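Here are my notes on this model, as numbered points. Please read them with the structure open.

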Amino acid sequence: LARDRILCPAGQPHKAMIIESVSRNTGTGMLTVTGYMLSGLLKRRICVPPLYSEGTYGYDRIVADAESVMRHYVDHNVVNPQSGARRMECVALEAENKMRGLKDVPWSARFEQLDELLASVCAYCDAGYAVVPDFETRKLVFTYLPGRDKTGAQGGARVMFGLHMGNVCGTVEMQSEQQAKNAAVVAGAGEEEERMILSVCPGEETDINRREVFVDAGSVSEPQELAYEGARRLSQYTPIHSIDAQVRETP
């Protein structure tokens, strides 16, 4: 057991993990090993924009389907970056790009952590991803995962909790709009009075129900892309509705 070794449960490659730290206690003889799923390797890279790309204002930009957007940033920063020193030789993209997920997704990146950027794309597009070992090619393969509807009939059997069922001791329900925003003022390319400004309010909220946020999108010059950028930012400021329950311990 050593750093950067991969542990893979037999017959379950999708659960493979990579070791990040090993701690040995000589007094107790205890060995503690910690790490993360293989997708955690992507947090070792940031999104570096191309050295030169006309019209992108120093950003790495793409407009495509969700799968292509995610593959684009992994390819540019892990698989085939401009600097060979940044390449992870052990990582590869899934052979076929099936161009799945939400269409016409505009995205831009400039020095964000790669794993955080991918998480934002996944949240916006209702998708996911994984890095799975391929033992034949000896590669760790980045794979796009379509979102799945796990509610109702689509989700199969439900597990239900309730006071009247006797399996919880109590519940705390919280509804909060303290950090919520439902309207965005998006500023795009241009300077001063010539700068492009677009108001994005999907619910057409007015009066005291309207909660505004400013979005600086200085590299964007198309109204449609500004609208997407505003909607994407608003998705990060949704109201909170949560229910916490204390599960009753049963034999």
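How many nonpolar, polar and charged residues does the lining of the largest pocket have, by class? Point 2 takes this up.

1. Basis. This is a predicted model, in which local features need pLDDT of at least 70, side-chain atom pairs count only at pLDDT 80 or more, and totals for chains, interfaces and linings use all residues. Residues are numbered from 1 along each chain as its sequence is written, and side-chain values use heavy atoms, with hydrogens and water left out.

2. Largest pocket. The lining has five nonpolar, five polar and six charged residues. Here Ala, Val, Leu, Ile, Met, Phe, Trp, Tyr, Cys and Pro count as nonpolar, Asp, Glu, Lys and Arg as charged, and the others, Gly among them, as polar. The volume is about 320 Å³. Of the 16 lining residues, Ser108, Glu112, Glu229, Arg232 and Arg233 are the closest to the centre. At least two lining residues come from each of β6, α2 and α3 (223-234). A pocket is an open set of points on a 1 Å grid over the protein atoms alone, where a 1.4 Å probe fits, with protein on both sides within 12 Å along at least five of seven lines; lining residues have an atom within 4 Å of a point. Points are joined across faces, edges and corners, and the volume is the space filled by probe spheres set on them.

3. Second largest pocket. Its volume is about 160 Å³. Its lining divides into five nonpolar, four polar and two charged residues. Among them are Val48, Pro49, Pro50, Leu51, Asp60 and His76.

4. Main core. The largest nonpolar core has 34 residues, and Trp107 and Leu118 have the most contacts inside it. Two or more residues each come from β4 (60-64), α1 (66-79), β6 (105-109), α2 (114-125), β7 (127-134) and β8 (139-146). Such a core is a set of buried Ala, Val, Leu, Ile, Met, Phe, Trp, Tyr and Cys residues joined through side-chain atoms within 4.5 Å. Buried means under 20% relative accessible area, exposed over 50%, and partly exposed in between (1.4 Å probe, protein chains only). Helices (H or I, at least four residues) and strands (E, at least two) are DSSP runs, numbered from the N terminus.

5. Trp107. Beyond its neighbours within four places in sequence, Trp107 is in contact (heavy atoms within 4.5 Å) with residues including Asp60, Val69, Tyr73, Leu117, Val121 and Arg232. A second, separate core of nine residues includes Val213, Ala217, Val220 and Leu226.

6. Helix α1. Twelve of the 14 residues of α1 are buried. Val69, Met70 and Tyr73 are among them. The buried residues pack against β4, β5 (91-93), β6, α2, β7 and β8.

7. Backbone check. Most residues other than glycine have a negative phi. Glu204 has a positive phi of about 50 degrees, and Asp207 one of about 55 degrees. Glu204 counts as exposed because its relative accessibility is 67%; Asp207 is exposed, at 67%.

8. Asn25. This residue lies in strand β2 (residues 17-25). Asn25 counts as partly exposed because its relative accessibility is 39%.
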